[in-house]
Amino acid sequence: GGSFVLDTLDDSIHSNNIIQINGGSFLISYGDDGLHADSNFEINGGTVDISTCYEGIESAVITINNGAIHIVALDDGINASSEMEVEALEPGTGRPMNTGDNLIEINGGYIYVDSGGDGVDVNGDVMVNEGILLVNGGPSTVPDGAFDFVNFNINGGFVGGVGSAAM
């Protein structure tokens, strides 16, 4: 619980391992990543409002079970990536991309992303079981768009996205 107002130059909250949020209210502005955990990020409730950042939430595995999340990002809004070995090059750009075990799992909550890059960028899989995911992402140029993923499974909930037709 509690209320947190963070205006930082670098990551607002950074962990070399795990971040777990179980409630509270977070108002985050600017810096690099709003929330960055190297291995796992989990939110089980509360309110996260990232009004300005480079990337909103970044971790190898991101699990959202509940809560209200609002992200405005200059690049990727939600980014599941890790420092793993590069397995492929992104089509059309030749940029390295990893296509491994990264995952975003949404089991509830309300998530809104407005991004200048990929709205939801997963160098792996997305699984939506419940909740609402709304994405406005990507400029009108290659390679960014509303969603960038290897596999996308929707088992429930609501997913809406608008973005670049170039993706």
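Two strands count as paired if DSSP finds at least two bridges between them. Helices (H or I, at least four residues) and strands (E, at least two) are DSSP runs, numbered from the N terminus. With those terms in hand, welcome to this predicted model, in which local features need pLDDT of at least 70, side-chain atom pairs count only at pLDDT 80 or more, and totals for chains, interfaces and linings use all residues. Residues are numbered from 1 along each chain as its sequence is written, and side-chain values use heavy atoms, with hydrogens and water left out.

**The whole protein**

- DSSP gives the protein 17 strands and 0 helices.
- The protein has 167 residues, and 45% of them count as buried, meaning under 20% relative accessible area with a 1.4 Å probe and protein chains only.
- Among contacts (heavy atoms within 4.5 Å) with a separation of 6 or more, 36% are between residues 24 or more positions apart.

**Pairing around β4**

- Strand β1 (residues 3-7) runs parallel to strand β4 (residues 25-29), and 5 bridges join them.
- Within this pair, S3 has S25 in β4 as its bridge partner.
- β4 also pairs with strand β6 (residues 40-53), again in the parallel sense and over 5 bridges.

**A look at S29**

- S29 lies in strand β4.
- Its side chain makes a polar contact with the side chain of D7, at 3.4 Å; such a contact is a pair of N or O atoms within 3.5 Å, where within protein one must be able to donate a hydrogen and the other to accept it, and residues adjacent in sequence count only if both atoms are side-chain atoms.
- Setting aside neighbours within four places in sequence, S29 is in contact with L6, D7, T8, S12, S51 and T52.

**Pairing around β14**

- Strand β14 (residues 124-137) and strand β12 (residues 102-115) run parallel, joined by 12 bridges.
- Across that pair, L134 in β14 stands opposite Y112.
- Strand β16 (residues 151-154) is parallel to β14 as well, with 4 bridges between them, and N153 in β16 stands opposite M127.
- Strand β17 (residues 158-163) is joined to β14 by 6 bridges, also in parallel, and G163 in β17 stands opposite G137.

Terms used: Buried < 20%, exposed > 50% of the residue type's maximum accessible area, 1.4 Å probe, protein only.
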